[in-house]
Amino acid sequence: MSTDHTELSARTFVDVHDIQEELDQVRWGLHADGEGSEAAQHAAAEARASVCNLIAVVSNEPELGEVMSVLDRLSVTNPSRTLILLAQHTREADKLEAEVSAQERTESGHRVSTERVILHAHGEPARHLASLATPLLIPDLPVILWWPGRPQFDNPLFDDLCELADRLVVDTDEGFDDSDLARLLEVARRNKAQASIGDLNWARLIAWRHVAAQFFDMPGMLARLAHVHGVSIFHGSDGQTAQARLLGGWIRSRMARVGIDVPLEFRPEDSLEHGVHRFLIYTGGDEGPARFSMSRLRGGRLSTQIRLGEQELAERTVRLESRATEELLGIELTLPGYDVLFEEALDAALR
Amino acid sequence: MAQAATPTITQNILRDGLILPRTPDPAAMVIFGASGDLTARKLMPALYNLALNRYLPSGFSVIGVADTALTEDEFRAHMEQAVQKFSRSQPVDRAVWESLAEGISYVRMPFDDAAGYGRLAAELDRLDRERGTNGNRVFYLATAPQFSVIIDRLGAAGIAKAGEGWKRVVIEKPFGNDLKSAQALNQAIHAVFAEPQIYRIDHYLGKETVQNVLVFRFANGIFEPIWNRRYVDHVQITVAEDIGIERRGKYYESSGALRDIFQNHLMQLLSIAAMEAPPNFDADSVRDEKVKVLKSIHPIDVANDVVRGQYGPGWVGGQQVPGYRQEVNVSPASTTETFVAVRLKIDNWRWADTPFYLRTGKRLPSRASEIAIQFKNPPHLPFAKTAVQELTPNVLVMRIQPHEGASLKIAAKIPGPVMRLRTVNMDFFYGSSFMVESPDAYERLVLDCMLGDATLFAREDEVERAWGLVDRIEAGWASQPPPAFPNYAAGTWGPPEVDALIERDGRRWRRP
């Protein structure tokens, strides 16, 4: 794909009405009095594809740079209005600054236009950024709140923004421990009617879940699902266990739906890198023992195998996508709202 | 925890919440014509991409069948090269390819050789035993002139016989070359396969944007209320190609635009543009509605409602190109049409008296496939005392390719003290909202076939209805004096008569 990227405008403001006005200008090419050039009027009559409002919260300048580049790449597949909130609760004097910019990209002949507002607040305004974000959203489009890193669950800004958002997206692979997972579950339950929860780590598990489900799509294998008696998950020993916990929680919660309590065995191993490496499902019953295994290979692949007793069935190698953050975010943006499976997996992972 | 009793599981609970298609049963796909262009360019790359993206089951196997002298290793190497060259996902993942290639074998035989089918049966038995394909078979016929022979031999050898597993047959176009031959082919296939086992491919239906027309119409509440004779003035459907016949002179001489595009792609676009909303999207519900459209087409008056043309030399895209009669493998006195335009009417409550203008051709100024709905003007012009004397009608265009998307032409006021209007286009590009790579049409269609979903394949009655129309046009042409071909220069929008076809109704062709 060929990409052409143009920054159309980038100016700094301090008043919400000024920001709104500048947003109108960069979106539609209008002058301040609402009139515009003929070219601008033509642009105004063109349909603009925007799929959502995206709010990202960052806590420092280096993080801001990383988030901006992720959102830039995301905008290619998901043209959105983006608000990046940099809230610094420092002892500095109250301060609020906004930078409005518009980007235009041409990718393989298609033009995509997006606007970005960076709101940078110190002191008291930092606590009330939600009130500033609200008037800057495009009406009728869903609001996605992306909170990179571990969310500040006790910060009132977190609650305010969750109230504003249709979906909260986090990444439990970014250092979430059990207490963070428990807080997230609490938020998921509390916000059921408002912001649904999306987890980039959960999206990373789609391939594992897909392949595990495919084992039991095969003729004659469905009956074995009723005889699952154990699961082993091998993962890296770097202390980051959320991914393995979620995968285990997923199968445990699914099996619990049919009244089967599946014991989970977690096997951290020093020789393994970060994340889940092997996922084994053991079944028994009248048809004899079977083992369904998935192993992560180097180069973004997953090898799958079924062993029935001593007999090995055909092996298969498929892709295990190693997705960049913007791709995972893109998946989150296309998913329907409340994800009961995620909540149940989280719940089962913590039990 | 003690478990009281083993639960009965009737569905795969691990699949809950996964927005991914079901996995097909392990199966063997037998490709007749395996050394040909279609297998290399489309089928094998489609199978590789399906395998890569986890859509193929363990044990999935391919048997290539052709009369080309190749060892099994040579055939695999040939297929690997094809995937390297034509796969949409690059670079090719060697481990995934090898995993797929383990299940690829090759049987060399002439398609009419009864003994060859014995070897094929033995190979299928081996796959059942060793790779667990369980008698599930897809017979993919990628070799048009020999469909009947292959079907007949498959039947005689008992390979397609019902028994353990399912059996399906995929037939590439052209499905016959007139109504009689299509009926004969249907009859020959039905001697071995029942209709639900038959998958007639029109790859247009596998295109994301063609499916999007259905979504556009039936997933948005605002269009259907005005999608009828009360609001629509007429419909124009165009499948224009800027290329010539390339190296297909031999095929095209016996086909022409009528058989190559009109009978299949244009009829499919007409059907999905004009059909009623099906009660659901299962194969027969959708195809029932499409067939109703074809059944409702008013008998065509060929002398007045059809224009044919053949391109002469000209300029396309700044390049000088030869005329059709100068192409390789084309007779210098050929009367084969490279352009056809038809005016149709559909006799039903939705479309009575609303003309549909269809056109397709080679060596036209640009490449475009689209359905354009032109709406009627407002019943009253309230700007009588102003500079506005007339209005340009609203047009909704659904573009299939290129620039997939939709456009709506509307009138807007030019700012200023005087009431002046200008027409503007509101353009929506699918690419701007979903800038992701779409799967190839063959990936979707092969997977659908393996899953037993025939919604995007043509049914017997659909194909025969379309051929009935073609026969009527052919019969009309046969009763007319031979055409004075060539009658349009390459790089123009067809012969002059095509303008008269629409202008006598007080309308004009769009420039796509």
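Two residues are said to be in contact, or to touch, if their C-beta atoms, placed from the backbone, lie within 7 Å. The model on screen is predicted, and local features need pLDDT of at least 70, side-chain atom pairs count only at pLDDT 80 or more, while totals for chains, interfaces and linings use all residues. Residues are numbered from 1 along each chain as its sequence is written, and chains are lettered from A and ligands numbered from 1 in the order in which they are written.

Select Ile55(A) to begin, and then display Leu83(A), Leu85(A), Ala133(A), Val143(A), Leu145(A), Leu161(A) and Ala165(A), which Ile55(A) touches when residues up to four places away in sequence are not counted.

Next, stay in chain A and select helix H7 (residues 178-190) together with helix H12 (residues 340-350), whose axes are 10 Å apart and meet at an angle of about 145 degrees. Here helices (H or I, at least four residues) and strands (E, at least two) are DSSP runs, numbered from the N terminus, and axes are lines fitted to C-alpha atoms, for helices over the stretch in contact, with angles running from 0 to 180 degrees between N-to-C directions. Among the residues that meet are Leu181(A) and Leu185(A) from H7(A), and Leu346(A) and Leu350(A) from H12(A).

Gly244(B) counts as buried (20 or more other C-beta atoms within 10 Å of its own) because it has 22 C-beta neighbours inside 10 Å.

Terms used: A residue is buried if 20 or more other C-beta atoms lie within 10 Å of its own, exposed if 12 or fewer, and partly exposed in between; C-beta atoms are placed from the backbone.
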